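Open the model in a viewer and keep the sequence panel beside it. The tour below goes from one selection to the next and says what is found at each stop.

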Amino acid sequence: MKFMMLLLMAVLPATSVSQSKPGAASGVPSIAIPKTTAVLVIETPRQGVTPDQIMAVIPEEIRATVRLYLDGKIREWYSRGDGKGVVFLVEATTEEEARTIMETLPLAKQRLMDHQYVAVGPLMPLRALNPGALF
Amino acid sequence: MSQQLPATPDAQSQSGAVSGVPGIAIPKTTAVLVIETPRQGVTAQQIMAVIPEEIRATVKLYLDGKIREWYSRGDGRGVVFLVEAKSEDEARAVMETLPLAKQHLMDHQYIPVGPLMPLRH
C-alpha cells in the first residue's frame, strides 16, 4: 500500500501554476476534481430582511420545497444550528442546474435570500484505497 | 476567502433575530458541515506530500463513526465533510486531528446543521 502511495506521488506531474487549470492555483491537484453528483446550497436571509417577511412566505415555501423533495430534486435538507438559515443538498450535476431549481422557490423569487452554491462529488483521494487503479 | 458568508452584526444577543430567521427555526445541531480549502499560497505539492497520511487518518475517523459524508468539490477548490458532532467546537476538535490541519495548510468553514425546522408546520 505504501509503495503504491509513493508510486502515485512519483508519477504525478509537477504542479502547473497556470491559472487556466482549475484547482492548480488554489493548491488542489487537478486529478482530485470529481464529477459533480450534487450541489450544496447554503441559504441565508439577505441583509435587512426581517423574520416577519420570511414567515409570510413560509407556508408556500414549505409546500414548494416538499414538492421538490418528492420530485427527487433534494437529497438532504437542514436548518442551521446557528440560526442563520438553511442548507440543502440538491440533486444536480452543475451549479447552474441547482440555481435553476432553487430559483423556483418563493423566498428566492421574492429576493429575500442569499445563496451560496458548492458543487460536490465523490471524495477523490479515496482512489488511493484501490491499489490496482491508480488513475 | 471569497466564499465566506457575509457577516451578520453581532451586537444583538438573540441568535437569528437580526438575520431574519425566526428563533423557533433553530434546530438541535445533529451534524456539522465542514468546507475545507487550501490556504492562500499553499501549493498542490505541499498537499500531496501529506495526502497518504491524510487519507489514512480520514478513513479512520469515518470508521470511528465521526464522518457521515465526504465529498470533493466539483470546482476543484477542496473538500466538504459532514461531521458527526453536536457543536462547531466538537467538529473543530475532530478536524484538527487531521494531518493537513495540523500543518496549517487548510482553511475550515464550519456550519452546524440539524433537522429542517419549517417542516414542523
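Select Ile67(B) and look across to β3(B), where its bridge partner is Val83(B). This is a predicted model, and every stop on the tour should be read as such. Now widen the selection to both strands: β2(B) and β3(B), the latter covering residues 79-83, pair in the antiparallel sense over 5 bridges.

**Across to chain A**

Stay on β2(B), residues 67-73, and show its pairing with chain A: β4(A) runs antiparallel to this strand, and 2 bridges join the two. At Ser72(B) in β2(B), the residue standing opposite is Gly121(A).

**The barrel**

Which strands make up the closed barrel, and in what order? Colour them in turn: β1(A), β3(A), β2(A), β4(B), β1(B), β3(B), β2(B) and β4(A), which form a closed barrel of 8 strands with antiparallel pairing. On average, and with direction ignored, neighbouring strands of this sheet are turned by 35° against each other.

**Strand β2(A)**

Next select β2(A), residues 74-80. Of its 7 residues, 5 are buried, so the strand is largely enclosed by the rest of the structure. One pairing is with β3(A), in the antiparallel sense over 5 bridges; pick Glu76(A) and its bridge partner in β3(A) is Leu89(A). The hairpin of these two strands has 5 residues between them, and Gly83(A) takes a positive phi near 75° there.

Strand β4(B), residues 106-114, pairs with β2(A) in the antiparallel sense over 2 bridges. Select Arg80(A) to find its bridge partner in β4(B), Val113(B).

**Ala38(A)**

Go to Ala38(A), which belongs to strand β1(A), residues 38-45. Is this residue buried or exposed? It has 22 C-beta neighbours inside 10 Å, and because 20 or more are needed, Ala38(A) counts as buried. Beyond neighbours within four places in sequence, the contacts of Ala38(A) are Arg75(A), Leu89(A), Val90(A), Glu91(A), Ala92(A) and Val120(A).

**Helices of chain A**

Select α3(A), residues 95-102. This helix lies across β1, β3 and β4 of chain A and runs at about 140° to β4(A).

Then select α2(A), residues 51-70. The 20 residues of this helix should span 28 Å at 1.5 Å a residue, and the end C-alpha atoms are 27 Å apart, which agrees. Within α2(A), a kink of about 50° lies at Ile58(A), shortly before the proline Pro59(A). Which residues of α2(A) are buried? They are Ile54(A), Glu61(A) and Thr65(A), and what covers them includes β1(A) and α4(A), residues 106-109. Just past the end of α2(A), stop at Gly72(A), which takes a positive phi of about 80°.

**The contact between the chains**

Show both chains together. The contact takes 52 residues from chain A and 48 residues from chain B. On the side of chain A that touches chain B, α1, β1, α2, β2, β3 and β4 of chain A each supply at least two residues. Helix α2(A) gives the most, with 7 residues. By type, the residues on this side of chain A divide into 33 nonpolar, 15 polar and 4 charged.

**Chain B as a whole**

Chain B has 3 helices and 4 strands, and from the N terminus on its elements run β-α-β-β-α-α-β. Of its 121 residues, 41% are buried. Among contacts in chain B with a separation of 6 or more, 66% are between residues 24 or more positions apart.

**Two loop residues**

Arg111(A) sits in the loop between α4 and β4 of chain A. Its phi is near 55°, a positive value in a residue other than glycine. Arg111(A) is exposed, with 9 other C-beta atoms within 10 Å.

In chain B, select His104(B), in the loop between α3 and β4 of that chain. His104(B) is not a glycine, but its phi is positive, at about 55°. With 9 other C-beta atoms within 10 Å, His104(B) is exposed.

How values were computed: Residues numbered from 1 in each chain as written. Chains lettered and ligands numbered in written order. Predicted model: local features only at pLDDT ≥ 70, side-chain atom pairs only at ≥ 80, totals over all residues. Buried ≥ 20, exposed ≤ 12 C-beta atoms within 10 Å, placed from the backbone. Contact = placed C-beta atoms within 7 Å. Expected span 1.5 Å × (residues − 1). Bend = angle between axes of the 7 residues up to and from the residue. Nonpolar A, V, L, I, M, F, W, Y, C, P; charged D, E, K, R; others polar. Pairing = 2+ DSSP bridges. Axes fitted to C-alpha atoms, helices over the stretch in contact; angles between N-to-C directions.
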